[in-house]
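Dear colleague,

I am passing a structure on to you, together with a short account of what was found in it. Please look through the sequence and the structure before reading on.

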Amino acid sequence: MYGLDSKWLVMALLVLGSGISYADVYKYVDGAGHVYYTDKPRHSGFRLIIHTPVAFSRSAPSGALASAHSRYSSRIFEKNRQQYTPLVEAAADRYRLDPALLHAVIQAESAYNPGAVSNKGAAGLMQLMPGTAERFGVRDRFDPVENIDGGARYLSALLGMFRSDVRLAVAAYNSGENTVRRFGNQIPPIAETQDYVDRVLNYYRR
């Protein structure tokens, strides 16, 4: 379904709210400003805007709905993790990283969602900011191959800067290497960064 106007999107939102299971919805805006919606994206320019988790009856108990959604999310998470593992392993080998560390960063950053976008503008599996993407030659931050490669290069560079100190490299991945340096090569006293380091290291240990 290509080249449809916003009425189709409104219909999709209404249908999704009805408890009936339909496909995910993707959006693409071309260079001329034309907007396209589809359930079958044909290239990486399409962005996921509506995610249909599963069909639920409106009469289903909230606990059952939450449990079913959790199981569905777990299946998607594991499916994506397996799908991107060859890319992770290849990038880890290319930049001499532990694949488990790369997996831990991706899990903390995007939970293996290649279309993830943060409120600060970071995008893709490894949540690259525009400046970081440009720095490491990533043209399409939503392309899993480019995103993982660029993120791995950045993480490898950070490990080099901080003498293979994983904690500092992970902190710098979150808050920037200059922030870590500003605090005397220590994990910055920033709650978000400290929580992020703990989360990544917990995933890494697993």
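In which helix does Ser175 lie? Ser175 belongs to helix H6, where helices are DSSP runs of H or I with at least four residues, numbered from the N terminus.

Two remarks on the source come before the rest. This is a predicted model, in which local features need pLDDT of at least 70 and side-chain atom pairs count only at pLDDT 80 or more, while totals for chains, interfaces and linings use all residues. Residues are numbered from 1 along each chain as its sequence is written, and side-chain values use heavy atoms, with hydrogens and water left out.

**Ser175**

Ser175 counts as partly exposed because its relative accessibility is 22%; buried means under 20% relative accessible area, exposed over 50%, and partly exposed in between, with a 1.4 Å probe and protein chains only. Leaving aside neighbours within four places in sequence, Ser175 is in contact (heavy atoms within 4.5 Å) with Val180, Pro188 and Thr193. Ser175 and Thr193 are 18 residues apart in sequence, and their C-alpha atoms are 6.5 Å apart in space.

**Helix H3**

Asp98 caps the N-terminal end of H3, with a side-chain oxygen 3.0 Å from the backbone nitrogen of Ala100. H3 is mostly covered, as 9 of its 12 residues are buried; among them are Leu101, His103, Ile106 and Glu109. After H3 comes Ala111, whose phi is positive, near 55 degrees.

**Helix H5**

Asp143 caps the N-terminal end of H5, where a side-chain oxygen lies 2.8 Å from the backbone nitrogen of Val145. The buried residues of H5 include Glu146, Asn147, Tyr154 and Leu159. Arg163 follows H5 and has a positive phi, near 50 degrees.

**The second largest pocket**

The second largest pocket holds about 480 Å³ of space. A pocket is an open set of points on a 1 Å grid over the protein atoms alone, where a 1.4 Å probe fits, with protein on both sides within 12 Å along at least five of seven lines; lining residues have an atom within 4 Å of a point. Of the 20 lining residues, Glu109, Lys120, Ala122, Asn174 and Glu192 are the closest to the centre of the pocket. H3 (99-110), H6 (166-175) and H8 (191-205) each supply at least two residues of the lining, and H8 gives the most, with 5 residues. The lining divides into 8 nonpolar, 7 polar and 5 charged residues, where Ala, Val, Leu, Ile, Met, Phe, Trp, Tyr, Cys and Pro count as nonpolar, Asp, Glu, Lys and Arg as charged, and the others, Gly among them, as polar.

With kind regards

Terms used: Points joined across faces, edges and corners; volume = space filled by probe spheres on them. Polar contact = N/O pair within 3.5 Å; in protein donor to acceptor, adjacent residues only side chain to side chain.
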